[in-house]
Amino acid sequence: MRVLIGTAGSHGDVLPFVALGREFARRGHEVLLYANPVFRDQVTGTGIRLVPISTVEKYAALFGESSDRNPTRAFKRIAKEFAELCPAYYRAMKADLVDGDTIAIGSSLFFPARLLNETDRIPCATVHLAPAVFRSNLNPARAAPNWITAQTPSRLKQAAWWLLDKTFCEPYFTAPLNRFRAELGRAADPGRLPTGRRWRSARPVIATRGLHPGRPAASGLFPRNGHGYS
């Protein structure tokens, strides 16, 4: 089986997918990892074939700009980069499809694998690396320094989610995604990403250790198609 893994971001975003790819390769599958070439050394000798996207210079520039003391401003830069990279990843992964013998894997905030699932009916899994992707009023993840907690009144929680959607998720994720969807001839996705089908459309959804149905933090909010792994 051919396994296409599309991942972008820092070492903390990419290296878990390298580990996942190594296990697929150990089991005899053909693994292609689409990532910035800055990760070439981490992939060499693992049985994974690296498909380089973008450049080392652009990676250095992005994370040099993002290393400031304002996490919101830094995350907006990362979101913009993900939106710009999505078409290149999608086209590179699409070019490597083998009919009937390919699966695609991607991360929470990066959509090429899920777009392949939609356009080419390729089996797809989404791997969530952090609890912030699961929206919960029971035990909300800390999305900002002064974010809501389990004790926050219900109406304030709903107002906080609405504000997050309007000021961040929709302009930095939904809008760029829908522009690319239009290029592919697909209808706009009206869902706000943290609660919409785009985040949980893959079968299955996978969470790393510490974020799975058996953990109290995930109780009541983990999707039915979710699985945990260490």
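Me: What makes the residues of H4 and H5 count as meeting in this predicted model?
Reply: Contact means heavy atoms within 4.5 Å, and by that rule Cys 86, Tyr 89, Tyr 90, Met 93 and Lys 94 in H4 meet Pro 112, Ala 113, Leu 115, Leu 116, Thr 119 and Asp 120 in H5. The contact of H4 with H5 has 8 nonpolar, 1 polar and 2 charged residues. This is a predicted model, in which local features need pLDDT of at least 70 and side-chain atom pairs count only at pLDDT 80 or more, while totals for chains, interfaces and linings use all residues. Residues are numbered from 1 along each chain as its sequence is written, and side-chain values use heavy atoms, with hydrogens and water left out.

Me: Why is H4 called oblique to H5?
Reply: The axes of helix H4 (residues 71–95) and helix H5 (residues 112–120) come within 9 Å and cross at roughly 55°. Angles under 35 degrees count as roughly parallel, over 145 as roughly antiparallel, 65 to 115 as roughly perpendicular and the rest as oblique, and therefore H4 is oblique to H5.

Me: What makes the lining of the second largest cavity nonpolar, polar or charged by class?
Reply: Ala, Val, Leu, Ile, Met, Phe, Trp, Tyr, Cys and Pro count as nonpolar, Asp, Glu, Lys and Arg as charged, and the others, Gly among them, as polar. The lining of the second largest cavity has 12 nonpolar, no polar and no charged residues, including Phe 82, Cys 86 and Tyr 172. The largest share of this lining, 5 residues, comes from H6.

Definitions and conventions:
Axes fitted to C-alpha atoms, helices over the stretch in contact; angles between N-to-C directions. Helix = DSSP H or I, 4+ residues; strand = E, 2+ residues; numbered from the N terminus. 1 Å grid on protein atoms, 1.4 Å probe; cavity = no way out; pocket = protein on both sides within 12 Å on 5 of 7 lines; lining within 4 Å.
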